[in-house]
Amino acid sequence: MSDKFAAGLEDVVVAQSAICFIDGKRGQLVYRGYDIDDLATHSTFEEVAYLLWHGNLPSAAKLQTQHQEITEAMHLPDSILGIMKLLPKDTHPMRVLEVAVAALGTLDAQGEDNSEAANRAKATRLLAQLALVTTAWNRLRNGLEVLKPNANQNFAWNFLYLLTGKEPDEYAAKTFDVALILHADHELNASTFSARVTAATLSDMHSAIVSAIGTLKGPLHGGANEQVMNMLSAIGSVDNVEPWMTKLLSEKKKVMGFGHRVYKTKDPRAKILEKMSEELGKRTGQPQWFEISKKVEEIFQPTVAAKGIYPNVDFFSASAYHVMDIPHDLFTPIFACSRVAGWTAHLLEQYANNRLFRPASEYIGNTGLKWKPVNER
Ligand code: COA
């Protein structure tokens with residue numbers, strides 16, 4: 001085996017980036033120099049998007065300008081809604097996002113313009129439009145009218161309003177805003193890498209975001225939060241955790257929402273989401289989902305502690321979103337609606353200092369074969 005081979009590119013450094021820093025041993029996550037705990041406590045998702053895109057915190061005026069730009073971009077052309085209406089109602093919302101973002105690229109006047117100014121404008125539009133596609137899809141598939149945002153409210157408030165048609169209470173909007181902050185970026189995770197690989201061919205931003213959405217969709221990445229909720233639903237009660245886990249451990253199956261390529265301690269985002277899940281459970285009178293999650297952690301985590309496996313971002317977000325009445329198949333699209341801030345920040349960085357990604361593989365196939373006519377094979 002080649003000594004250069006690294007399965008899954010583990011620990012291979014393929015980019016220099018000033019956006020996000022992770023210390024996997026200490027469980028630290030930093031956006032542009034600011035610790036995630038500091039941002040989750042004091043900032044807002046819109047401010048974090050600005051920070052990721054520009055590298056510094058905005059003035060009040062700049063934040064207001066960006067807020068207006070995002071809210072104005074929160075609408076979908078009729079032709080996109082028309083395409084969405086043609087899709088089977090049981091299409092997974094991540095697939096809808098892939099279709100809609102590709103289609104939005106065809107309508108964007110700057111679709112093929114890779115200048116920095118055009119890409120900054122597209123980043124803002126994509127942030128607004130992914131939220132619109134996700135919420136509109138849920139309304140369309142339920143035969144409901146697609147709503148317009150309220151310009152006086154922030155992104156998180158509008159997302160919940162556009163989804164449910166109900167004005168969210170302050171706690172729900174604030175909690176959701178924090179969840180968006182926690183998901184906004186994560187260094188060179190699989191979907192960000194795939195976005196950067198696409199951009200590195202000098203393909204356009206919409207194409208790179210479609211690549212990222214397709215990559216996030218998988219259950220080993222963003223799709224894990226939906227799988228966690230499937231597991232919690234299948235377990236059903238705290239009393240059933242023990243027998244359920246015994247069976248799962250005997251089958252040596254992976255537990256979704258646990259483990260991480262970089263963190264070998266508890267994911268700092270999971271610590272914040274754990275508190276949110278507990279509090280939301282109490283407030284909504286549904287504490288059982290947090291309690292089941294906690295029991296799964298208590299039983300499972302010690303069995304894998306030696307491998308450095310702990311709950312990740314997806315583990316407690318599942319129960320938190322569930323008690324907010326968010327449909328389970330929207331958990332991963334919500335991840336995308338937040339991560340698009342990070343994806344686009346990485347794309348701006350990639351375009352600014354580009355080199356094509358083209359790794360190598362070690363050839364382990366046949367050699368020296370000679371072609372034979374079909375009747376001799
Ligand atoms: N449950 C049980 N065992 C797990 C596990 C989990 N969730 N995650 C990793 N492991 C075990 C593997 O079985 C393997 O054990 P082995 O060495 O005895 O064969 C070891 O830990 C290393 O796992 P591996 O899958 O090779 O690590 P990775 O760095 O390639 O994978 C993930 C990282 C995230 C893909 C992996 O932890 C996983 O599949 N987690 C579940 C999906 C998930 O929650 N994804 C969201 C990530 S934010």
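The exercises that follow treat a sheet, a pair of helices and a ligand site.

The model is predicted, so local features need pLDDT of at least 70 and side-chain atom pairs count only at pLDDT 80 or more, while totals for chains, interfaces and linings use all residues. Residues are numbered from 1 along each chain as its sequence is written, and side-chain values use heavy atoms, with hydrogens and water left out.

**Exercise 1.** Find the order of the three strands in the open sheet, and decide which strands stand at the edges.

*Solution.* Begin with the order, which is β1-β2-β3 with antiparallel pairing; strands here are DSSP runs (E, at least two residues), numbered from the N terminus, and two of them pair if DSSP finds at least two bridges between them. Next, take the pairs in turn: β1 is joined to β2 (residues 28-31) by four bridges, in which Ile-22 is partnered by Leu-29 and Phe-21 by Val-30. Two bridges link β2 with β3, and Tyr-31 has Tyr-34 as its bridge partner there. Then look at the turns, where Gly-27 takes a positive phi near 70° in the β1-β2 hairpin, with four residues between the strands, and Arg-32 takes one near 50° in the β2-β3 hairpin, with two residues between the strands. Finally, β1 (20-23) and β3 (34-35) each have a single partner strand, so they stand at the edges and one side of each is left without a neighbour in the sheet.

**Exercise 2.** Describe how helices α5 and α10 pack, and what kinds of residue make up their contact.

*Solution.* Helices are DSSP runs of H or I with at least four residues. First, α5 (residues 93-107) and α10 (residues 205-216) pack at about 175°, with axes 9 Å apart; axes are lines fitted to C-alpha atoms over the stretch in contact, and angles run from 0 to 180 degrees between N-to-C directions. The two helices are therefore roughly antiparallel, a label given to angles over 145 degrees.

**Exercise 2, continued.** By class, the contact of α5 with α10 has nine nonpolar, three polar and one charged residues, where Ala, Val, Leu, Ile, Met, Phe, Trp, Tyr, Cys and Pro count as nonpolar, Asp, Glu, Lys and Arg as charged, and the others, Gly among them, as polar.

**Exercise 3.** Which residues are closest to the ligand?

*Solution.* The closest of the 17 surrounding residues are Lys-254, Val-255, Gly-257, Phe-258 and Arg-261, counting a residue if one of its heavy atoms lies within 4 Å.

Definitions and conventions:
Parallel < 35°, antiparallel > 145°, perpendicular 65-115°, else oblique.
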